[in-house]
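Subject: Structure for you to look at

Dear colleague,

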Amino acid sequence: MLITVWPPIHTLIMAQMKKGKFKVPTLRNVAKTGPYLHNGLFDTLKEVVDFYNERDISSRWDKSEVSENVNTEELGDLKLSKNEVDAIVAFMKTLTDGHVLPAESASLGLLSAPLSSGKRL
Ligand code: HEM
């Protein structure tokens, strides 16, 4: 007798493997795109790097909402010195280019003129 399982077992395994995971975001213009992380927990890049640096050895932060698949191999206890944290933050600030973010365009009035099509730039 053939027993079929729905959803297929590999779909369930894949879903379990993906729990709590997020796509790695671009760091282009990251100095201008806070608050950071999926829940907007951090206002500054320094807070993000402090979190990466000491997440697993400090009680400063709550436990992850979803504990499965937390990356403890590459993040969480980086042993970075204060100077190294500052250097990484300084590096991320160099990733700002001349791109005007949509929110900035609006505040500069750049989105105020509708095109003849009725669409806005
Ligand atoms: C020192 C090294 C790293 C720095 C400076 C760094 C920096 C950042 C920053 C600033 C963000 C927030 C971006 C935003 O919210 O717009 C971020 C998010 C993220 N990074 Fe990193 N990252 C580092 C290492 C890694 C590594 C090793 C991984 C994975 C192997 C990783 C995966 C992610 C993911 C998945 C997010 C999104 C997390 C969420 O939204 O909750 N990062 N990273």
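Predicted model: local features only at pLDDT ≥ 70, side-chain atom pairs only at ≥ 80, totals over all residues.

Residues are numbered from 1 along each chain as its sequence is written.

Is Gly34 buried, exposed or partly exposed? Gly34 counts as partly exposed because it has 14 C-beta neighbours inside 10 Å; a residue is buried if 20 or more other C-beta atoms lie within 10 Å of its own, exposed if 12 or fewer, and partly exposed in between, with C-beta atoms placed from the backbone. Leaving aside its neighbours within four places in sequence, Gly34 is in contact (C-beta atoms within 7 Å) with Asp43 and Thr44. Pro7, by contrast, lies 27 residues from Gly34 in sequence and 38 Å from it in space, taken from C-alpha to C-alpha.

Moving on to H2, the buried residues there are Leu45, Val48, Val49 and Asn53. They lie on the same side of H2, because they cover an arc of only 135 degrees around the axis, the arc being that of the directions from the helix axis to the C-beta atoms. Helix H3 (82-93) is included in what covers these buried residues of H2.

H2 (residues 45-54) also gives the largest share of the shell around the ligand, namely four residues. In total 17 residues surround the ligand, and the closest are Phe22, Tyr36, Leu37, His38 and Glu74; a residue counts as near if its C-beta atom lies within 6 Å of the molecule. The shell divides into 13 nonpolar residues, three polar and one charged, where Ala, Val, Leu, Ile, Met, Phe, Trp, Tyr, Cys and Pro count as nonpolar, Asp, Glu, Lys and Arg as charged, and the others as polar.

As for the whole chain, it has four helices and zero strands, and 3% of its 121 residues count as buried. Its radius of gyration, taken over C-alpha atoms, is 21 Å, whereas a compact globule of 121 residues would have one near 14 Å, by the rule of 2.2 Å times the number of residues to the power 0.38.

With best wishes

Technical notes:
Helix = DSSP H or I, 4+ residues; strand = E, 2+ residues; numbered from the N terminus. Contact = placed C-beta atoms within 7 Å.
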